[in-house]
Amino acid sequence: MKGRGVGIVLVLVGLGLGATLLRDQVPVGGAQAPAAGAAADPVAAEAGARLQNEQNTIDVVGRFEPGLVFISTENEVMGQDPFGMFGGGTEVQQGVGSGFFVNEAGDILTNYHVVAGEAGAGAAQKISVRVMGQEQSVEARVIGLAPQYDLALIRPVGLDAKLIRPIPLGDSDALKVGQKAIAMGAPFGLDFSVTEGIVSSTARQIPIGFSGSGAGEGITQKAIQTDAAINPGNSGGPLLDSGGRVIGINTQIYSPSGQTTGVGQSAGVGFAIPVNTAKNLLPRLQAADGQEVRAPTLGVSAGLLVRGQQQALAVGLSVLSSAGKRELGLPERGLVIGSVTPGTPAARAGLQGGTRTEAFRGGAIRLGGDVITAVDGDPVDALEDLQAGLIDRKEGDTVTLTVVRAGESREVKVTLDETSFR
């Protein structure tokens, strides 16, 4: 994935496959308040606060690190033969990452790219997990995959129930910049490691996950930014607050070194998927029966296609010249609706697809229908932008689309139903 600055690379922080893709809280316990007289002494007060923070970290780690899981994967792939002298042959591609227990049944939440198969498609051929204090790993099976969210749910097979230690899930919507953040995981394969920092931002917009099944640019989503050190191998591990609650799932870093080496290292800018996104998705993952869970849809297809190397690509109006758009009576930016599927939320809201096709050098456009220019006020210029506006929604939620039809802009309310989640 491309970074958002010169010489910066956005890197998925799993090792193996992941590396190549790349309110104030009450202390958990044990922290002692400074002595009554300490407030009069600034040095003593500072030392007391520092020790209190340290004790809080120790308590959080002691209570909840046993809920952390070390994940390893294996995929059998065709071997490399640069000289073409030897035919056939396979090799085992290995990867490592992190995860954590979310319930007593042993469900483990992690990143999709941690458990993905060859080239990021589907699940790895073998997934193993190891819990803290155990030397032996056990195999795990996939419960559900969500490539667009970069999330996955797996469950160990035959693990002693006494070793399942769920970590409580917090509320990422209540986060404040400056809050303490504790990252757990396996940086560079160093399993069961802990780092500490703060929440640097609560609303960064970055591409997360995969827009297609294991491939494609991620969908721009809200992410938590933290300066707690996150490195390859931390993927899928929990980001905790000072109360020991999960506030995010570690997923990516901005890395200057990744630009040249291909393997990013922490530069104090890491990202985590907000836990509320995962909480909304968990019921669907648990019911997925090992299959993929997709982001909700409205029932529209893109009406502007350009010729790609292997197939036609859906694009937004920004790729066309301003003169051409003026001639066709189209806005500067937006998603042209090619067609609307009957019986979907878009159809019930009265959205209209194109009525005629006009070809141009390198592509074609469907004209005569609606153009979506915003979802809940956020600009739309591609299917990924529309998906970004829907990705955290649930059945029954309503979104407001800004739509241009015949040169006139209006707002249309669309309510998601069961067809949106099929």
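**Group meeting: a walk through one chain**

The protein chain has eight helices and 23 strands. Before I go on, note that this is a predicted model. Of the 422 residues in the chain, 49% are buried. The chain exposes about 19200 Å², and carbon and sulfur atoms supply 50% of that area.

Next, Asn 250, which sits in strand E12, residues 246-255. Is Asn 250 buried or exposed? Its relative accessible area is 0%, so Asn 250 is buried, because buried means under 20%. Leaving out residues up to four places away in sequence, Asn 250 touches a run of residues from Asn 234 through Ser 235, Gly 236, Gly 237 and Pro 238 to Leu 239. Asn 250 also touches Asn 111, Ala 183, Met 184, Ile 230, Phe 271 and Ala 272.

Last, Thr 373, in strand E20, residues 371-375. Its relative accessible area is 18%. The cut-off for buried is under 20%, so Thr 373 counts as buried. Which residues is Thr 373 in contact with, leaving aside neighbours within four places in sequence? Among them are Pro 331, Arg 333 and Gly 334. Asp 378, Pro 379 and Val 380 are also in contact with Thr 373, as are Thr 402, Val 403 and Val 404.

Notes: Residues numbered from 1 in each chain as written. Predicted model: local features only at pLDDT ≥ 70, side-chain atom pairs only at ≥ 80, totals over all residues. Heavy atoms only, no water. Helix = DSSP H or I, 4+ residues; strand = E, 2+ residues; numbered from the N terminus. Buried < 20%, exposed > 50% of the residue type's maximum accessible area, 1.4 Å probe, protein only. Contact = heavy atoms within 4.5 Å. Areas by Shrake-Rupley, 256 points an atom, 1.4 Å probe, with all protein chains shown as cover.
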